[in-house]
Amino acid sequence: FDNYNGFEELRTASIYSISKDRKGKVWMATTQGFYSFDPVRKQFTRRYWDGAEGKFYIPFNNIYHFHQDTLGIFWLATGGGGLIRLDTEPQLSEKYLENDLTKGGHFQQFTLADGLSSNVLYAVYEDDFSNLWISSDYGIIKFDKISEKPITFLPKDGLPHYEFNRISHHQAKNGQLYFGGLNGVTTFHPGVFQSEAQ
């Protein structure tokens, strides 16, 4: 592939995750930021990164994985910058517009200071109860999108190891989650935790 459309840094970037959004546009999580790709014109169209200004700014470049929720909001799992909530169409969510007006209201960053167990996150998936499930280098994090509060699961809670892998993860169609780690695979269905909470 050679049609980088001016985004020449992609020639040497590592690309960890590629997926379509709800409108059919392709997005890529890379070591150089978060990119959109037009499959019709077959060229890159946008880059979100820490060197940009305005609506293309995000506070961290090294992105391992991403998830788009039902509102169209992207959640980025980063390799050192924690969790980033990115609204590429800010009119979608007035709640998020109120959170960070300093950069235009289009993103919010969650880190150790917000209760995450680590800033190195490898994968992010969503269940049917407005929770994100995030693998990291220090446990699995359940993040409530409404309260914005995390809960971390560690070996004392039944995990086989503290650390998971960058590219070993999957969510099945029925919602079952699979996270590869340094001591095998951890798998569970988030609905089990919801039932226990009730």
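## Aromatic pairs and buried residues in a predicted model

Phe 34 is buried, its relative accessible area being 0%. The structure in which this residue sits is a predicted model. Leaving aside neighbours within four places in sequence, Phe 34 is in contact with residues that include Trp 27, Met 28, Ala 29, Arg 46, Arg 47 and Tyr 48. Further along the chain, the contacts of Phe 34 include Ile 58, Ile 63, Phe 66, Phe 74, Leu 76 and Leu 86.

Several of these names return in the largest nonpolar core, which has 13 residues. Phe 34, Ile 58, Phe 66, Phe 74, Leu 76 and Leu 86 are the ones that touch the most other members of that core. Two or more residues of the core come from each of β2 (26-30), β5, β6 (74-78) and β7 (83-86).

**Overall picture**

The protein chain has 198 residues, and 49% of them are buried. Its secondary structure consists of two helices and 15 strands. Counting contacts between residues at least 6 apart in sequence, 42% join residues at least 24 apart. The accessible surface of the protein chain is about 9800 Å², and carbon and sulfur atoms account for 49% of that surface.

The average pLDDT of the protein chain is 91, with 90% of the residues scoring at least 70. Residues 99-104 have a pLDDT below 50, and this stretch has nine contacts in the model beyond near neighbours in sequence.

**Aromatic pairs**

A pair of aromatic rings is described by the distance of the centres and the angle of the planes. Counting rings of Phe, Tyr and Trp whose centres lie within 6.5 Å, the model holds 30 aromatic pairs. Two edge-to-face pairs are listed here.

| Pair | Centre to centre | Angle between planes |
|---|---|---|
| Phe 1 and Phe 44 | 5.8 Å | 85 degrees |
| Phe 34 and Phe 66 | 5.0 Å | 65 degrees |

What does the pair of Phe 1 and Phe 44 tie together? Phe 1 lies in the segment before β1 (15-20) and Phe 44 in strand β4 (residues 43-48), so the pair joins parts that are 43 residues apart in sequence. Phe 1 counts as exposed because its relative accessibility is 58%, above the 50% limit. Phe 44, in contrast, counts as buried at 3% relative accessibility.

The pair of Phe 34 and Phe 66 links strand β3 (residues 33-38), which holds Phe 34, to strand β5 (residues 63-68), which holds Phe 66; the pair therefore ties together parts that are 32 residues apart in sequence. Phe 66 is buried, at 7% relative accessibility, and Phe 34 is buried as well.

A charged group also meets an aromatic ring. The charged end of Arg 47 sits over the ring of Trp 49, at 3.6 Å from the ring centre.

Through ring pairs, Tyr 125, Trp 133, Phe 153, Phe 164, Phe 179, Phe 188 and Phe 193 are linked into a cluster. Among the members of this cluster, Tyr 125, Trp 133 and Phe 188 are touched by Leu 177.

Is Leu 177 buried or exposed? Leu 177 has a relative accessible area of 0% and is buried. This residue belongs to strand β14 (residues 177-181). Not counting residues up to four places away in sequence, Leu 177 also touches His 170, Gln 171, Thr 186, Thr 187 and Pro 190. Leu 177 and Glu 126 are 51 residues apart in sequence, while their C-alpha atoms are 9.6 Å apart in space.

Key:
Residues are numbered from 1 along each chain as its sequence is written. This is a predicted model: local features need pLDDT of at least 70, side-chain atom pairs count only at pLDDT 80 or more; totals for chains, interfaces and linings use all residues. Side-chain values use heavy atoms; hydrogens and water are left out. Rings of Phe, Tyr and Trp (its six-membered ring) pair if their centres lie within 6.5 Å; planes under 30 degrees apart count as stacked, over 60 as edge-to-face and the rest as tilted. Helices (H or I, at least four residues) and strands (E, at least two) are DSSP runs, numbered from the N terminus. Buried means under 20% relative accessible area, exposed over 50%, partly exposed in between (1.4 Å probe, protein chains only). A charge sits over a ring if NZ of Lys or CZ of Arg is within 6 Å of the ring centre and within 35 degrees of the ring normal. pLDDT is the predictor's confidence in each residue, from 0 to 100. Contact means heavy atoms within 4.5 Å. A nonpolar core is a set of buried Ala, Val, Leu, Ile, Met, Phe, Trp, Tyr and Cys residues joined through side-chain atoms within 4.5 Å. Accessible areas come from the Shrake-Rupley method with a 1.4 Å probe; for residues, only the protein chains shown count as cover.
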